[in-house]
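Subject: A structure for you to look at

Hi,

Here is the structure I promised to pass on to you. Please open it next to this email and follow along as you read.

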Amino acid sequence: MEEVKPITKWWEQQLDLLQKKDVIVADFKSFPMYQKEFVFPHLTIGLNLSGTARAQYDLHYVTFEKNDLAVVLPNHILFPLNNTDDYHVKMLMISSEFVKELKMRTLSHDYAKFHVEPSFHLTDMQVTHLLKLYDLIQITTEMDDLPNQHEMLIYLLNVAFEFLNVYRREMDEKSNWQHKSNDVFNRFCDLLAMYYCKSHEVGFYADKLCISAKYFSRLILQTTGISAAQWITEYVIVQAKRMLRTRIDLNIQGISNQLGFSDQASFSRYFHRATGMTPKEYRKLEHIDGREEA
């Protein structure tokens with residue numbers, strides 16, 4: 001089993017390409033990094049062709065095996081653990097802006113169900129069908145001079161989600177309460193991605209959802225097994241760690257301001273309660289030199 005890998009230059013090139021093309025299809029033989037949480041802002045649809053990978057997805061342990069398909073919507077927490085040497089996944093990646101357009105133009109799709117249960121197993125025939133669709137999408141993305149390329153991608157991705165909805169139909173037989181709770185969690189994830197720098201309080205998100213804080217907390221806990229308060233903390237800490245690792249132009253006070261804390265001391269206490277170390281200690285552990293502290 002491979003344990004730890006850094007972000008590769010190849011992975012960074014894929015992200016740059018995604019910003020330019022909005023949709024790409026790529027083959028992966030490993031995660032871009034291990035033993036570090038990250039929040040990916042784009043939509044990914046991964047089809048496992050061989051091997052096994054293990055990770056935490058939204059604080060739950062998951063195993064991704066051959067013929068599994070995972071739909072990871074933007075702004076969820078992924079913590080890769082390891083993969084086998086024969087791991088191979090075909091990944092369809094869609095930019096966050098393109099996802100917004102898809103949602104507006106393909107309202108028949110139930111994206112919410114992928115928030116709670118992002119992966120499921122396919123038959124060999126279903127894998128074969130999806131690979132053919134992936135090939136069509138890849139050909140379309142590579143033909144930059146193709147007339148109506150954008151509209152063709154919208155159409156092909158609409159077809160892709162129709163296939164996924166058919167494949168998941170057997171998993172959708174849930175009670176009305178479960179549908180309600182999944183919908184609340186879906187909207188909570190979107191709100192958290194929008195407002196984590198503004199508020200870290202459960203009541204704020206309950207108000208945005210127009211439900212009481214008590215009812216909101218109960219729905220999230222029963223849907224995910226994790227409290228709403230813990231979700232907020234984990235999401236803020238993931239973003240804090242990301243900024244501490246990557247924003248070397250900012251000192252701790254600057255990152256505290258970016259994350260919406262009233263002062264650096266409040267941020268340090270919040271970070272220490274969640275991680276057992278201060279932001280400065282985390283930066284030192286990661287061997288990152290940020291701006292000198294005032």
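Below is what was found in it, topic by topic.

**Before you start**

This is a predicted model, in which local features need pLDDT of at least 70, side-chain atom pairs count only at pLDDT 80 or more, and totals for chains, interfaces and linings use all residues. Residues are numbered from 1 along each chain as its sequence is written, and side-chain values use heavy atoms, with hydrogens and water left out.

**Confidence**

pLDDT is the predictor's confidence in each residue, from 0 to 100. Its mean over the chain is 84, and 85% of the residues reach 70 or more. Helices (H or I, at least four residues) and strands (E, at least two) are DSSP runs, numbered from the N terminus. Over residues 1-6, pLDDT stays under 50. Where pLDDT is low, the predicted coordinates should not be read in detail.

**The cores**

A nonpolar core is a set of buried Ala, Val, Leu, Ile, Met, Phe, Trp, Tyr and Cys residues joined through side-chain atoms within 4.5 Å. Buried means under 20% relative accessible area, exposed over 50%, and partly exposed in between (1.4 Å probe, protein chains only). The largest core has 39 residues, and those with the most contacts inside it include Phe188, Tyr205 and Phe216. Helices H6 (176-195), H7, H8 (213-224), H9 (228-246), H10 (252-258) and H11 (264-275) each supply at least two residues of this core. Its largest share, 10 residues, comes from H9.

Which residues does Tyr205 touch, leaving aside its neighbours within four places in sequence? Tyr205 is in contact (heavy atoms within 4.5 Å) with Phe188, Leu191, Leu192, Tyr195, Tyr196, Ser199, Phe216 and Ile232. There is also a second, separate core of 28 residues, and Leu47, Phe120, Leu133 and Tyr134 are among them.

**Aromatic rings**

Rings of Phe, Tyr and Trp (its six-membered ring) pair if their centres lie within 6.5 Å; planes under 30 degrees apart count as stacked, over 60 as edge-to-face and the rest as tilted. The whole structure holds 11 such pairs. In one of them, Phe204 and Tyr205 are edge-to-face, at 5.0 Å centre to centre with 80° between the planes. Both of these residues are buried. Why is the pair of Phe261 and Phe267 tilted? Their planes are at 45°, with the ring centres 5.2 Å apart, so the pair is tilted. Phe188, Tyr195, Phe204, Tyr205 and Phe216 form one aromatic cluster.

Now find helix H4 (residues 124-142). Its buried residues are Gln126, Val127, Leu130, Leu133, Tyr134, Ile137, Thr140 and Thr141. They cover an arc of only 140° around the axis, which puts them on the same side of H4; the arc is that of the directions from the helix axis to the C-beta atoms. On the other side, Asp124, Met125, Lys132 and Glu142 are exposed.

Most residues other than glycine have a negative phi. Asp22, however, has a positive phi near 75° and sits in the loop between helix H1 (9-21) and strand E1 (23-28). Cys210 also has a positive phi, of about 60°, and its place is in the loop between H7 and H8. Asp22 is partly exposed at 24% relative accessible area, whereas Cys210 is exposed at 71%.

Enjoy exploring!
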